[in-house]
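Reader: I am new to this structure, and I would like to understand the words used to describe it. Could you take me through them with care?

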Amino acid sequence: MRDWEIRISEASGVPYYRQIVDQIGQLIRSGHLAPGEKLPSVRELAAELLVSLITTRRAYAELENAGLIRRRQGYGSFVAEEIERASHEQALKKIREDFEETLHAARRMGLENAEIHRVFEELIEGEDEDHEQ
Amino acid sequence: MSSELIHISNLEIRRGAFSLEIDQWSLRPGEVVGLVGPNGAGKTTFLERLAGLRGSRAGKVSVLGRDPRVDPSVREELGFMSDDMPLFTLRIGALLRMLSGYYPNWDAGLVETLVEKFKLDPQDKVHKLSKGQGTRLRLITAMAFRPRILLLDEPATGLDVMGRRTLLESVLDIVRDPERSVIISSHMLADVERVADRLLVLDQGKVIREGRTDSLVGEGRSLEEALLDWGAAG
């Protein structure tokens, strides 16, 4: 038997996928969901919460992107091991440092904030287009 | 192509002065599609065409590779529930037993569960049921043989909060099986928004929106508000 549950509120105005992400994220951070623990399948969770498969799929994708769960093709979704979560946090820390360094360099070269923004957005958009192809 | 459960191309249906036109549309396995739009949009007409209950003037309708109007055998895999569907005047239990004889896939366990969840009494006479009870009985008969495709036309009419909840549970229970799909047409927009992966929005016989529910509705507004924005509320 599972000792946790997710409550979906229709009245809150918060999108359903966001409610699922927040609540599962909270359960993981608080240790109610242990590393390596198997999560219900997308279809099981949808049937349980009475929300669409699209909603549940999106929630799991966000949790995976945040490094909180990992999905193994054909096996299901699991709470990420702490080491994986740590490495995700480390990745964020590292990238922050790298950006800081780049930002300092840009300042030294006298670039304006708007220009820096534009370059960054161009890079991200270029990447999105690559992904879509 | 073959993975699509339903494929529509260049469909045109005439009914007096009314016409329904759908260029290209398909139903994929394992999804719930919400069919929405104001009264007179053509939702029932479309569902009846899919069920093979009416013909069309032009275009192609392929349901599991066959046109139900031409080859009625495909109806064995199609569940269709509409509120004005007649029921035989028997007791509920006798009606369900009789119907079970027609369908090799009749799931007696599922029927028993649903009769209980919907709080129906097998001893009650069908012609003495309230509107809501009739709706629930029609739902059970449409779902009982576990069809590949379930078409629900206003299934929530006359249902109370608990009845609607059971309806949504049943719909999502069907798509636990990634090979089965549901099309649900309903004025209960919050319910449709909740369970539908994709929407097909009709207005005056035309498709005005089609696509993923979350991308169409967007964040920060409800499906009802979205329909108002599209001029398709009513």
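Author: We can begin with a strand: 5 of the 5 residues of strand S7 (residues 181-185) of chain B are buried, so S7(B) is largely enclosed by the rest of the structure. This is a predicted model, in which local features need pLDDT of at least 70 and side-chain atom pairs count only at pLDDT 80 or more, while totals for chains, interfaces and linings use all residues. Residues are numbered from 1 along each chain as its sequence is written, and chains are lettered from A and ligands numbered from 1 in the order in which they are written.

Reader: What makes a residue buried, exposed or partly exposed?

Author: A residue is buried if 20 or more other C-beta atoms, placed from the backbone, lie within 10 Å of its own, exposed if 12 or fewer do, and partly exposed in between. In S7(B), Ser181(B), Ile183(B) and Ser185(B) point one way and Val182(B) and Ile184(B) the other way, and all are buried.

Reader: How do you know that S7(B) pairs with S3 and S6 of chain B, and in which sense?

Author: Strands (E, at least two residues) and helices (H or I, at least four) are DSSP runs, numbered from the N terminus, and two strands pair if DSSP finds at least two bridges between them. Strand S3 (residues 32-36) of chain B and S7(B) have 4 bridges in the parallel sense, and strand S6 (residues 149-153) of chain B and S7(B) have 5 bridges, also in the parallel sense. Ile183(B) is the bridge partner of Val33(B) and of Leu151(B).

Reader: Why is Arg146(B) called partly exposed?

Author: Arg146(B) has 16 C-beta neighbours inside 10 Å, and therefore counts as partly exposed. Arg146(B) lies in the loop between helix H4 (131-143) and S6 of chain B, and has a positive phi of about 45 degrees although it is not a glycine.

Reader: Why is H2(A) called oblique to H3(A)?

Author: Helix H2 (residues 42-49) of chain A and helix H3 (residues 53-65) of chain A pack at an angle of about 120 degrees, with their axes 9 Å apart. That makes H2(A) oblique to H3(A), since angles under 35 degrees count as roughly parallel, over 145 as roughly antiparallel, 65 to 115 as roughly perpendicular and the rest as oblique.

Key
Axes are lines fitted to C-alpha atoms, for helices over the stretch in contact, and angles run from 0 to 180 degrees between N-to-C directions.
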